[in-house]
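Here is a short briefing for a first look at this structure. It covers a sheet, the helices on it and a pocket.

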Amino acid sequence: MAFNPDNYKAHEVKKLPVILLLDVSRSMQGAKIDSLYSAVCDMIDTFVGAQLKEQSIDVAIITFGKEIRLHTPYTPAKELQDKGIEHFEADGTTPMGTAIQMAKDMIDDKDVTPSRIYRPAVVLVSDGEPNDDWRNPMAMFIHDGRSSKCQRFAVAIGEKADRAVLETFTENPDAVFYAANASDLADCFKTVSMSVTATAVQTGGKPAGETGTAATTETFTRDEDEDDDGDDW
């Protein structure tokens, strides 16, 4: 066999994408927005501590309020920890449906969210009710395309948060965490962080579908149509 230096490849680092959909509407001003920022920073620290050697947890942040903004494109958690993240500014209303559509478009685009990765996780955080057309974008996110395979979590902040909407998003009341006030956000985010990282940790550093033993939840099982779209998840 002839020697070919191109046959020698470095081991591929597997990515776990996490998209945070954060409500930064006017009602989040004050202690809430400061607590949200601190909770996100703590979440990034948790991701850095939990990820395995040959693994990268990449975080993207979409904020929705006065505008729908890709606040942070996919960035390795360690890089975000080192350089910090831009603070959030609270203003405007709650265009949740458009933010969900942005997240879906990111996930469905294989140039942005590749196939050879862990199953993406999406965390929706809100303290109120959506004021745009959210039903159709949410239904499409849950039932159509690559986004339908994602892990989905939600955090409700305060008694005015529409928990019914958030439970519709997760399709699982146990995946909706409730922060009665701003001071409870850190604990909610910590719980979500550990649930997200369990995907990679419990599969022993292998992408979903490559582990040799059955996973503890459906989240880690291989999809029947995986061979059709080329996704590991």
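Angles here run from 0 to 180 degrees between N-to-C directions, and axes are lines fitted to C-alpha atoms, for helices over the stretch in contact. The model is predicted. Six strands make up an open sheet with mixed pairing.

**The sheet**
- The strand order is β3-β2-β1-β4-β5-β6.
- The edges are held by β3 (68–76) and β6 (176–179). Each has a single partner strand, so one side of each is left without a neighbour in the sheet.
- On average, neighbouring strands are turned by 15° against each other, direction ignored.

**The β1–β4 pairing**
- β1 covers residues 14–23, and β4 covers residues 121–126.
- These two strands pair in the parallel sense, over five bridges.
- Ile 19 has Val 122 in β4 as its bridge partner.

**Helices on the sheet**
- Helix α1 (residues 31–50) packs on the sheet. Helix α1 touches β1, β2 (55–64), β4 and β5 (151–157).
- The direction of α1 makes about 170° with that of β1.
- Helix α3 (residues 96–108) lies across β1, β2, β3 and β4. Helix α3 runs at about 35° to β3.

**The second largest pocket**
- The second largest pocket has a volume of about 220 Å³.
- Its lining consists of 13 residues. Val 24, Thr 63, Glu 67, Arg 69 and Glu 89 lie nearest the centre of the pocket.
- By type, the lining of this pocket divides into six charged, four polar and three nonpolar residues.

Methods:
Residues are numbered from 1 along each chain as its sequence is written. This is a predicted model: local features need pLDDT of at least 70, side-chain atom pairs count only at pLDDT 80 or more; totals for chains, interfaces and linings use all residues. Side-chain values use heavy atoms; hydrogens and water are left out. On a 1 Å grid over the protein atoms alone, a cavity is a set of points where a 1.4 Å probe fits but cannot get out, and a pocket is an open set with protein on both sides within 12 Å along at least five of seven lines; lining residues have an atom within 4 Å of a point. Grid points are joined across faces, edges and corners, and a volume is the space filled by probe spheres set on the points. Ala, Val, Leu, Ile, Met, Phe, Trp, Tyr, Cys and Pro count as nonpolar, Asp, Glu, Lys and Arg as charged, and the others, Gly among them, as polar. Two strands pair if DSSP finds at least two bridges between them. Helices (H or I, at least four residues) and strands (E, at least two) are DSSP runs, numbered from the N terminus. Contact means heavy atoms within 4.5 Å.
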